[in-house]
Amino acid sequence: MNVKGESYKTIWLNEANPKEVKIINQLKLPFSFEINTLRSCEDACLAISEMQVRGAGLIGATAGFGMYLATLECSNNNFEDELENFARKLISTRPTASNLFWAVNKQKNAISKASTPEEKRMTAKEEAIRIADEDAAFCKKIGEHGFQLIADISNSKNGKTVNILTHCNAGWLAFVDHGSATSPIYAAHDAGVDVHVWVDETRPRNQGASLTCWELAQHGVKHTLVVDNLGGHLMQHGMVDMVLVGTDRTTRTGDVANKIGTYLKALAANDNDVPFYVALPSSTFDFEVSNGLSEIPIEERSEDEVLFPSGLSQKRQEFETLQISPTKTRAKNWGFDVTPAKLISGLICERGICEANEKSILSLFPEKA
Ligand code: MRU
């Protein structure tokens, strides 16, 4: 996607030095656009755990490149054991998004088929690029399938503005390109459909406010930032035509783990007959899991994210954190919740749109039956 008119992906191999991987440092957005360099598997682990990169697809792509960087660090005489240690470190960086272990396992599988350490390094490089390219291509496809849903709403409203509510950032910053939830929105906007996005700020880290608003603005999509609790009110007053969110892990039965607060949006959508769609590439399915509530590990993050929100001070134009509660107040900070399949109107995948139930999901992915 474009940043100030220039086309970027969120992660790429440095052509000038293929032992380096470049990322956009999302901790600096929306205030500055900074590119960072990953030179080791440890750099990749840090980028994921500190959330310089975040979002299911991008976490997966970074893990793919992290495994490639790991192969450059493994010694020729103990390659397998050392690689296994690096793989374990990568997998332990964040618990919820399935793309992380999906990408690490994909790499382990590909690397194991090559024979010499040098061949393994070459294979890992090719596989990392393939994982990233596939993520971008699948997100583009999601846009093509989801576009029709938005176009249909637009037609039913005689071309009046289609209002879409989204939560967190399932945009191109959360993937390698295009995004999952935003891809149909970009496709509709590019096709001339009048579309407007309600962006939940997404406390405590404010990915909606800082990332989704930024990338929609770069693409010229109309949007309005709203506090997380406004969605229900908007839906009760007919101001939302569709809720469209991403997911960090989706079970084979269609339960969806996504950024904390998604479940409440799904309840409100259900109560107000607003369609609630979830967009995801197949790498975000965890086909091993059937019950989202009991089986998906939910990340618990530092209470400081809740107690001390951060942003740019208006007066000094410096990055600052603020205290918003009494000094001794404690907080809890679970990062994700699970929306049960029964509240979901459909899943938009690279192969098409299916219902959020096992039969329908497996009809799109019969090889997982
Ligand atoms: O904690 P994050 O920022 O990595 O969370 C991921 C998300 O942005 C959301 O949950 C998103 O909606 C799904 S990831 C494509």
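A cavity is a set of grid points, taken over the protein atoms alone, where a 1.4 Å probe fits but cannot get out. In this predicted model, the ligand sits in the largest cavity.

**Ligand site**

- For the side chain of Gln207, an N or O atom is 2.9 Å from a ligand oxygen atom.
- Asn169 contributes through its backbone, with an N or O atom that lies 2.9 Å from an oxygen atom of the ligand.
- The ligand taken alone exposes 400 Å², and the protein buries 100% of that area.

- In general, the strands of a sheet pair through backbone hydrogen bonds, in either a parallel or an antiparallel manner.
- Strand 10 and strand 13 run parallel and are joined by 2 bridges.
- Strand 10 (residues 249-251) and strand 11 (residues 256-259) run antiparallel, also with 2 bridges between them.
- Strand 11 is joined to strand 16 (residues 336-339) by 4 bridges, and these two strands run antiparallel.

**Residue pairing within the sheet**

- Thr250 has Phe285 as its bridge partner in strand 13, and Thr250 also stands opposite Val256 in strand 11.
- Ala257 stands opposite Val338, a residue of strand 16.
- The hairpin of strand 10 and strand 11 has 4 residues between the strands, and within this hairpin Gly254 adopts a positive phi near 95°.

**Backbone geometry in loops**

- Most peptide bonds are trans, and most residues other than glycine have a negative phi.
- The peptide bond from Leu29 to Pro30 is cis, with omega near 5°; Pro30 belongs to the loop between strand 4 (21-24) and strand 5 (35-38).
- A cis peptide bond also runs from Arg203 to Pro204, with omega near 5°; Pro204 is located in the loop between strand 7 (195-200) and helix 7 (207-219).
- Cys168, a residue other than glycine, has a positive phi near 65°; Cys168 lies in the loop between strand 6 (162-166) and helix 6 (182-190).

Key:
Residues numbered from 1 in each chain as written. Predicted model: local features only at pLDDT ≥ 70, side-chain atom pairs only at ≥ 80, totals over all residues. Heavy atoms only, no water. Pairing = 2+ DSSP bridges. Polar contact = N/O pair within 3.5 Å; in protein donor to acceptor, adjacent residues only side chain to side chain. Areas by Shrake-Rupley, 256 points an atom, 1.4 Å probe, with all protein chains shown as cover. 1 Å grid on protein atoms, 1.4 Å probe; cavity = no way out; pocket = protein on both sides within 12 Å on 5 of 7 lines; lining within 4 Å. Sits in = over half its atoms within 2 Å of the grid points.
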